[in-house]
Structure formats: structure tokens, C-alpha cells
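Work through the exercises below with the model open. Try each task before reading its solution.

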Amino acid sequence: MVDEPQCAVALAAIWTEQGRFDEAIGLSRRIAKREAEDYEARLVLAASLLTASQARQAADTVAWCREAECQATGALRLLEDKELPTQRLQALSIRAGARLLLGDHEGALSDIDAALRDVPDDSGALLNKGLVFLEAGRFPEARASFELITDPGLAARALVPHATACHWSGDAAAAAGLLRGQFSLNRGDWNDIHRAELLCEAEAALGGEDSVRSLLEQALEQRPGDPRLFAVVATRHELRGEYDAAEASLMQAVDLASEPDRHELVWRIANFHARRERYSDAADGYIEVVGGDASHTAALALLRSLQSSGRLREALSWARTIRESQHLPAKLVVETEAQVLNYVGDVSAAAERWADICSRPDATMLDETRLAQALLWSGEHDSATAAVRAIDASELRDHPRELLNLARLKHLLGEEGYLEDAYAALRYGPDDPSIHLGYFALCLNEEDDAPGPETVEPGYAVLLREGSEERWWRILEHGEERRSEHELLPTEDLARALVGRGRGDSVVLQEGIGALSAEVVDIQTKYVRAAQESTEAFSTRFPGNTDLTRVPVDVDDLSNIRSLVSQRDEFGREILKLYQADKVPFAFLCAKLGRPTPEIWRASTASGEIRIRIGDGTEIESARAAESLRRADSIVLDMVALLTMHALDLGECLRARFDRIGVPQQVLDEVRTLLYEVTLGKRPRATLARNTDGSPVLLEVSDQEWADRQEFARSLLEFASSFETIASYPVLDVEPDHLEALADLVTQSGVGALYAGDEAAPERPLLVSDDLGLANLTRALGGEAVNTQAVLLELHRERILTDMEYSGLIARLAQLGYRFVRLDAEDILRLLEANGYMTDEATRALLATIEDPECSNESAVSVTAELIAALSARGLPQQQETLLISVILGHLHGGRRTTRALYECLSQLEIRLGHVPTVRGRVLASVTDYIRIVMGDPDLAL
């Protein structure tokens with residue numbers, strides 16, 4: 001019988017109705033394969049696959065839904081030349097259901113509309129259409145579809161979704177009317193439970209009748225251990241705000257339940273936790289419910305909970321699973337993946353996902369803005385520019401922060417119109433302090449010495465004086481809407497009277513008896529006026545925010561300016577003390593001083609006012625770093641190490657030793673931001689500082705200085721971009737709150753360096769950090785870190801650097817003013833020899849490390865004695881030798897201000913000089929003479 005196609009098809013249909021899905025599908029597949037042109041076999045197979053998927057009986061729901069879609073499509077192809085409307089309707093309905101499960105709402109609607117064109121009143125198609133609308137959150141449209149259903153059986157199936165659509169479209173009364181009398185808690189199946197709970201919600205919204213209470217009490221008397229009834233109890237508790245009792249009832253229900261009730265109740269607990277914003281607990285519940293099925297109804301809820309709870313690695317993995325298994329995944333899925341990729345600094349991959357989103361029919365200008373931002377930070381300048389130019393800023397007015405982001409993007413890309421977008425963001429987000437700050441920052445790039453408007457035009461602000469009172473008015477441009485009481489439409493009488501007037505002109509406000517007039521006192525562009533109003537009212541409007549402070553200044557009284565300079569100096573000194581005491585990293589110092597790390601580094605290494613500590617100078621540190629570097633084939637540069645390598649021009653040497661050299665995306669972001677700031681921003685005329693006598697002084701910023709800053713930023717970005725950009729996937733394993741605290745300490749670029757690493761690699765690349773605070777933090781977190789000097793030693797060991805090159809680079813580190821640069825006498829000797837035994841800037845910088853009080857007495861004495869002993873063997877003229885010995889001893893003594901180190905050096909020299917009487921006597925005499933001079937007694941016996 002099974003071999004007969006018609007009988008086999010009929011049997012498969014029966015097995016499907018009985019829930020024997022594996023048998024039905026297996027039989028249908030055999031018939032469909034053997035009878036390839038039999039549309040009935042394809043339809044039965046498609047129906048079995050879809051029904052199994054809807055019942056969660058599929059081993060792989062996604063695969064079965066795709067197969068159902070494919071088989072329904074094949075059936076439709078076979079039906080094209082046949083007049084069989086019923087079968088065609090069935091095929092469209094099956095395919096619509098499969099597409100709905102796959103997340104393809106548009107495809108499902110397309111099939112449903114095709115079915116309704118053939119049979120406009122088909123209840124099955126209307127039911128499916130309502131379900132699609134309901135899942136998409138289009139509640140009024142869902143309700144309208146459900147209300148057209150005429151088939152009693154399908155109307156009963158649509159009851160709960162119909163009531164849900166009514167409730168969520170704001171008509172709780174209609175929802176309650178549909179549900180009353182349509183369930184019995186005495187039976188207690190889940191359909192009745194769902195209807196009772198939805199009725200509880202509707203009646204709670206209405207605030208009146210509670211028709212479920214008595215029914216529930218009666219049912220509990222009959223079945224006090226029924227877990228399903230406890231679900232209704234929990235719903236009622238939650239609606240009354242009794243959340244602990246609601247959770248207790250759900251947990252009691254789970255304890256009482258067996259499968260499949262337990263599965264349903266765990267789902268309910270997960271939903272409860274999500275509503276209470278206990279997202280990690282919710283995620284655990286959803287994981288159990290979903291069971292890895294990407295097409296499960298709770299799949300998106302699981303994704304939201306994972307992301308909201310900070311379990312971002314799981315969120316990324318789950319988003320990818322959904323995206324890869326569905327033809328058109330929900331937008332949330334791709335958004336989540338893009339956001340997590342951006343979070344870890346994999347901005348190129350994030351840009352690909354944003355591009356996917358922007359290719360969808362439901363893409364918005366918000367998505368286009370985020371794509372443009374990802375393209376910019378991934379270095380795709382031209383693509384970012386094209387993306388920005390395609391954005392319609394008017395569509396972002398409901399999202400003022402994104403509108404401000406668009407303004408920033410335009411400014412960074414050198415595009416016009418950024419100030420107009422920032423101004424619009426300020427108008428549409430007046431209660432957001434970040435928008436005021438962003439607008440003010442963008443306004444700083446505008447020329448402030450340009451002459452103000454001569455006459456009033458639409459878009460300008462006018463200061464009118466009427467008697468002793470003055471008030472600003474702004475004339476809106478055509479098409480703008482009024483948003484405050486002091487804005488005038490261009491068609492209003494006062495606006496028409498003001499247009500064309502100049503400063504000092506009078507405007508008649510009222511004619512005849514009691515005539516009134518006003519004087520035009522000032523005219524400003526809307527941008528200037530908005531900036532002034534924002535700064536003037538910022539502290540009052542946002543009293544807890546100190547990011548923007550207004551300082552009133554009287555030209556005859558500069559005490560406010562003096563006070564501001566004093567406060568800034570005191571703050572800077574306190575932060576510097578913390579850094580000098582090794583309590584905070586260099587990145588923290590830079591952030592608190594309010595300037596990018598590259599600029600503070602550049603100023604520090606040029607002036608020597610702030611010395612950058614790259615290591616502790618110990619043998620242990622050196623040995624540990626050497627061992628780490630011998631094993632390393634990949635390194636990552638933090639911000640200060642990048643600056644050091646750039647200053648030493650070590651790019652090619654690094655590439656000769658290491659297979660991979662990475663720069664964290666966050667470090668590149670900071671460098672790019674600096675470049676945009678100095679190339680697109682306005683050159684500051686001066687900087688405020690303190691004079692030697694304590695008075696405030698303005699230091700002019702020359703054109704050449706500004707050009708040098710621009711060239712430095714360009715060169716640094718070019719150098720950084722010559723290496724591989726690396727993301728920081730290990731941040732996915734760190735608590736978000738912990739990351740936020742780390743970012744406050746070491747900045748975002750520091751966090752990127754701390755956790756730089758690939759997604760799949762078990763080990764992170766070795767971090768090269770010239771910020772000792774950051775390096776120590778890396779080690780405390782279980783990572784490895786070395787500094788540039790250790791890298792130079794490795795390059796020297798590998799013969800990539802010659803002896804002379806190595807010594808010259810060590811001298812360069814000393815010239816940069818780095819603290820705890822390790823050196824030996826041979827480094828100084830090589831440079832002296834290359835310079836004809838004359839000191840120069842490089843050798844003096846190396847000798848200054850001996851003088852450094854932080855250099856241990858033992859190390860300073862050892863290097864000094866070794867260097868003098870080595871010089872004595874070079875056969876120098878005695879006068880030159882004596883002069884060099886005096887210079888070297890001067891550095892040893894200069895850092896200590898006692899003669900103890902000199903005596904210790906003399907003792908070591910007595911050992912090192914051996915038994916050559918002439919040399920020994922000459923050198924010891926020179927040292928002895930120097931000590932006598934230092935002691936102030938030429939006749940002192942030693």
C-alpha cells in the first residue's frame with residue numbers, strides 16, 4: 001500500500017495529523033523523490049515539515065523550515081499551468097508559514113497577499129497575515145486581519161492573538177470582551193491558561209472588573225497542586241506589583257511540574273526576569289527553553305538578554321547562529337553582531353554588518369549613520385564620505401544624539417553642513433547635556449573673528465531693546481517649526497518688520513495712541529546665538545555637570561582668570577604627583593590634563609617636564625622581558641610604545657623580527673581623532689599658562705608650531721597604519737562595569753591594548769608598553785608586557801641592530817627623557833668613540849641617567865667605574881682623559897650630593913684597573929683629585 005503514491009501521500013498526511021512527524025516526513029520524502037513531478041507529494045512533505053517545526057518536533061527546525069519552503073516552492077511551480085486554486089492556496093500558506101518561522105516577514109506577507117488575491121476572504125491566509133503583523137509589532141494591522149476571519153475554527157485559533165493585538169493597540173476593553181467566557185480553568189490546559197492571563201492583563205489595564213479571581217480560586221480548590229494554575233497566580237501577583245510573590249509562585253510551579261509543563265514554566269520565568277531587568281537570569285532560562293534552536297520564538301528574547309546582561313561573547317555567538325541559519329534574520333540580530341564587533345574594535349567586520357543592515361528594506365538613516373561611522377574608523381575615508389553624503393539629516397530629528405554624531409562625522413570628513421546638523425540636534429535635544437557639549441565643541445572650529453551680520457534675515461537672532469528691557473528673538477527660516485516662545489515664523493508681523501533692519505534701527509511695535517517701538521541692539525547668526533545661550537545657561541540647566549564652566553571676565557579685573565589658572569595648575573600638579581609616585585598610568589595623566597596622549601607625550605619628551613617611566617630598571621624585569629621576547633612571534637604596541645617606535649623609526653626592524661605587529665583599533669582611533677582635530681580644527685591663537693612671577697600669560701601658537709603638530713599627527717597615523725590593526729576580543733570575557741573602571745584609569749586606547757587579541761586565538765600577542773602603569777596592570781591581569789628597551793635588546797640579540805645602532809637608540813630613549821633606561825658602559829663608550837671622545841647631546845643624555853636619583857647607587861657606581869676603566873685603555877691624551885673622567889664623575893656626584901658614591905667608585909676602580917702601574921696611577925690620581933675638589937680641600941689625605 002505504501003508503494004502506491006496516492007495511498008502513501010494520504011498515509012503521510014494522517015501520520016502528520018497524529019504527530020508522527022518522523023514517519024510522515026520519511027515516507028513523504030521517498031514519494032517526493034520518486035515522483036518528482038507530483039505536487040501532492042511535495043505539499044504533504046512541506047506540510048509535515050512545517051507542522052513538525054511549529055510543534056518544535058524538528059531535530060533541526062531551521063533546516064526543516066527551509067526544506068518546507070523549498071518543497072512548497074516546487075509545488076507552486078508544478079501548479080503554474082493547472083487550474084487548482086485550492087492546492088495553490090495550500091502551497092502559498094505553507095510557504096508563508098515556513099518563511100515566518102525563518103524570520104522572513106516580507107516574504108511571508110508576499111505569499112499571503114498572493115493567496116488573498118486569489119481568495120480575498122480566505123480565513124487561513126488572513127490568520128497568517130495577522131500573525132505576521134503581530135510578530136512584527138504592527139498591532140492595528142494584525143487586529144484588522146483577525147477581524148476579517150469568518151471560519152469559526154480559525155477564528156477560535158486566532159482568539160488569543162486577536163485579543164493580544166487589541167490589547168497592545170490600546171483597546172483593552174475589546175480584548176477583555178473577546179476573552180470573557182472563552183476559557184475554563186477547570187480543564188486547565190495551556191490554551192485556557194493563556195486566555196485567562198491575557199484577560200487578567202486587559203482587566204488590570206481597565207482598572208475595573210476582576211473576573212478571573214473567582215474562577216482561579218475554584219480551580220485551586222479542586223487542583224491545589226496544578227502548576228499551570230500557579231502560573232495564573234504569578235501573573236496576578238505581577239500585575240499588582242507583588243514581584244517577590246510572583247516569582248515564588250512561578251518557582252513553586254516549576255517544582256510541581258513535569259515535562260512539557262516545566263518547559264513552558266521555565267520560559268515564563270525567563271520572561272519574568274527579563275521584565276524585571278534581571279537579564280542574566282533571563283538568559284539562563286531562555287537558553288534552556290531555546291535549546292540551540294535559532295528559529296525558536298524565544299531566540300530573540302535570548303539575544304536581548306545576553307546583550308543586556310553584558311554576556312557579549314555569548315550574544316555575538318548566538319547572533320551569528322541566528323544570522324547564518326535564517327534567510328532574512330530579524331534586524332536586531334545583525335545590529336547586535338555589529339554592536340559587539342564595534343565594542344571589541346573589529347570595526348571592519350562591524351562595517352560589513354552595518355552594510356548588511358543598510359541593504360535591508362527596513363534600514364533607516366540611523367543605520368546609515370552607524371555604517372558611515374564604522375567605515376570612518378576602519379580607515380575607509382572615501383566610503384565613509386559617500387555614506388555620509390547619502391544620509392538625509394531630516395530623518396534623524398527624533399534621534400538628536402545620532403544627528404549630532406552625523407555632524408561630527410561630517411566635520412571629521414571635512415564635509416559641509418555639519419554645524420547645521422549640530423544646531424538641529426541642539427534644537428531637538430535641548431535637555432541632553434552631551435548635545436550641548438558636542439555643539440559647543442563643533443562651534444569652536446568656526447572663525448570667531450568674522451564680522452557679524454549687518455542686517456536681519458530669516459535664520460538670524462535679533463536683540464531688541466524696548467525701554468530698559470532687552471530680549472533676543474530668532475526669526476525662523478522657511479519650513480522650520482517653532483520650538484520656543486521667542487522664535488518668530490518668517491510670516492509674522494514682527495519678523496517681517498525686522499527683516500532688513502540693521503543695528504541702531506527702530507522698529508514700530510504699536511502705532512497710534514500709546515505707540516511702542518524697539519531698537520535693534522545686536523544681530524547674530526543662529527549658530528553663534530545658540531552657542532552663547534548654551535554656555536550661559538549650562539551650569540544652571542545641568543547643575544551636576546562640570547564639563548563646561550563659564551567664567552565671567554571683567555577687563556578691569558582679571559581675578560577670575562588668575563583663579564582659573566591657579567586652579568588648573570594646582571589640579572595638574574596633584575595629578576602629576578600621582579604619576580610621579582607611580583600610582584597612575586601615563587594615560588591617566590594625559591586624560592586628566594584633557595589632551596590626547598600623543599600631544600602630552602610630544603610636549604613631555606621635548607621639554608623634559610614630565611618624564612615617562614617605561615620600566616622599573618631591575619634585573620628581574622629585564623630577564624623576564626628577554627624570555628618573553630624570545631618566545632614571541634607576535635607583538636602589540638600600546639599608545640606610548642607606538643609613539644616610541646615612531647620616534648625611533650623602528651618599523652622595518654620590527655618587521656624583520658616579528659611575524660605580526662599589531663596596533664589596537666582603539667589606539668588608531670585616538671591617533672585619527674588627533675589628526676582630524678589638528679587638520680580640520682581651527683588653530684588656537686594662544687594657550688593660557690602661568691608666567692615665572694605667577695601671573696597668567698597667553699602663549700601664542702605660531703603657524704609653524706601648528707604645522708608641526710599637523711605633520712606629527714599625519715606621520716604618526718601613517719606609521720601606525722603600516723602595521724596590522726588588531727581588535728580586542730578578550731574584552732568579551734570581562735564584566736562591563738570592570739571595563740568602564742579600567743577605561744577611566746587607562747583610557748579606551750589603554751583598554752584596547754590591555755585586551756588586544758583575536759577571537760579564536762588561545763593566547764594574546766605580547767604587549768609592548770612604554771607606560772609602566774599600564775604594563776603592570778597587564779601583568780596583574782595575567783598578561784605579559786615588555787617595554788621598547790627590551791625590544792631593542794631582542795633586535796640586538798638577533799643581529800637586526802648593530803652594536804652602534806643599538807647604543808644610539810638607547811641614547812635616543814635617554815634623550816626622550818624616559819625613566820629607568822638601562823645601559824652599560826659599552827653604550828656610552830661606543831658613542832664617545834664615534835664622536836672622537838667628545839661629549840654630545842646623545843652621550844650627555846646617557847650620562848644623565850647615571851645622575852638620575854632614581855638610578856640605584858650600586859648601578860650608578862658600577863657603570864661609572866666600568867666606563868672610566870674602559871676609557872683608560874683607549875690611550876687618550878691625558879688632558880682629554882682627565883676632562884672626560886671629571887665629566888663622568890660629575891654626573892655620578894650630581895645625582896647624589898654626597899662623596900660616598902665617589903669613594904665607592906674609587907674602590908671599584910682599584911680592582912678594575914689591574915696592575916698596570918702607569919694607567920692605574922694616572923686614573924686613580926685623576927679620581928682622587930676630583931674628590932679633593934668636591935670636598936673643598938686640595939690637601940685632603942685619602
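**Exercise 1. Which residues does His162 touch, leaving out those up to four places away in sequence?**

Step 1. Apply the cut-off: contact means heavy atoms within 4.5 Å. His162 then touches Arg143, Phe146, Glu147 and Leu178, with residues up to four places away in sequence not counted.

Step 2. His162 is in helix α10 (residues 159-168); helices are DSSP runs of H or I with at least four residues, strands runs of E with at least two, numbered from the N terminus.

Step 3. Classify it. His162 has a relative accessible area of 12%, so it is buried (under 20%; exposed is over 50%, partly exposed in between; 1.4 Å probe, protein chains only).

A note on the basis: this is a predicted model, where local features need pLDDT of at least 70, side-chain atom pairs count only at pLDDT 80 or more, and totals for chains, interfaces and linings use all residues. Residues are numbered from 1 along each chain as its sequence is written, and side-chain values use heavy atoms, without hydrogens and water.

**Exercise 2. Which way do the residues of strand β6 (residues 634-637) point?**

Step 1. Sort the side chains. Ser634 and Val636 point one way, Ile635 and Leu637 the other. All are buried.

Step 2. Recall the rule. In a regular strand the side chains alternate between the two faces of the sheet.

Step 3. Find the partners. β6 pairs in the parallel sense with strand β7 (residues 660-664) over three bridges; pairing needs at least two DSSP bridges between the strands. Strand β11 (residues 766-768) also pairs with β6 in the parallel sense, over three bridges.

Step 4. Locate Val636. Val636 stands opposite Gly662 in β7 and opposite Leu767 in β11.
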